[in-house]
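Here are my notes on the fold, point by point. Please read them with the model open.

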Amino acid sequence: MFAHRTRQPVLRGLVILGLLLLLVLPLAFLRPGPGPVVPPPGGPSPAPATVTPPAPAIPSGDARFLIVGLTQDQHRTDSIIVAQWDEAHHEARILGIPRDIAVTLYGIGTTKLVHAYATGGIGRARAAVIKLLDVPIAHYFVFSLPAMRHLVDLIGGVSLTVEKRMVYADREQGLFIDLQPGPQVLNGDRAEQYLRFRNDPDGDIGRIRRQQHFVRAALAALRHPAVWIRLPSILEAARSEIDTDLNKRQLLGWAGRIEGLSSDAISAYTIEGQPVDLYDNLMHMQLNFWQPDPDDLRAKVHWLLTGTPPPPTKP
């Protein structure tokens, strides 16, 4: 009995790791925009900023991960994220990489970053992101939107209050949102709708608030005793739907490090820039690309490595 109890925090940490990876996926859907994750409406005001020495960069990239989300067909890249774990401050920083940034792929030429995985798998995708950011990235996770929905269903859904009526349809993405306001338990399908909705005046800012709200509620759900009983089966399902270079021992190590992680310790940014028309050598046509602002790109990479906040977004 004692051994069983001692395994619970580790198993819970593994599920939290998997859930956090799946929950940060919608952050990369954000078009480059304003800064960090903020508390939900009506939540506690953020504490005044304190001056703390930034954590040193980690040259080896051992605590840096490429997270790639795939579409329903498991072949196309739906989102690209780089996550940095800061051991000194016990926090995670997440940088969303726009899929339409131009990269040069060997044997192809100029094309969108989104095409790297489709033409060369995770190896080519990681190499392209490393070249773009000019930082090493030691590890990776690959998963799909169905995996996020499945994991939410496995933990019995997430209880929260939907703030407003949410209706939106995008047939090209296969995205159909239809949520009623009020307290409810979101299953996997409705959780995805809640996380991806932004068709209101608040736009991406409102979406970021909802994502933070959902992360808080999901972490609370994972700490419910009824979920602990199902942790082994949940863990096996999560492992079967997430591809990673980490072995079982490394996963256990990371689970122990992030167990108890608060959603307040997760911050996120995307890369500013502007749209530009370029010729895509893979598609053999002129396409709309996202051209990152060089200064913003450098500032966001510096933030990713050290935790030093980037300057405010340019108007």
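1. Helix α9 (residues 294-306) lies across β1, β2, β3 (91-96) and β12. It runs at about 155° to β3. Angles here run from 0 to 180 degrees between N-to-C directions, and axes are lines fitted to C-alpha atoms, for helices over the stretch in contact. Helices (H or I, at least four residues) and strands (E, at least two) are DSSP runs, numbered from the N terminus.

2. A word on the source: this is a predicted model, where local features need pLDDT of at least 70, side-chain atom pairs count only at pLDDT 80 or more, and totals for chains, interfaces and linings use all residues. Residues are numbered from 1 along each chain as its sequence is written, and side-chain values use heavy atoms, without hydrogens and water.

3. The sheet is open, with six strands in the order β11-β6-β1-β2-β3-β12 and mixed pairing. β11 (243-244) and β12 (266-270) are the edge strands; each has a single partner, so one side of each lacks a neighbour in the sheet. Two strands pair if DSSP finds at least two bridges between them.

4. β1 (residues 64-70) and β2 (residues 77-86) run antiparallel, joined by seven bridges. Leu 66 has Val 82 of β2 as its bridge partner.

5. Helix α3 (residues 145-154) also packs on the sheet. It touches β1, β2 and β6 (139-144), and its direction makes about 80° with that of β6. Contact means heavy atoms within 4.5 Å.

6. The axes of α3 and helix α4 (residues 188-196) come within 7 Å and cross at roughly 120°.
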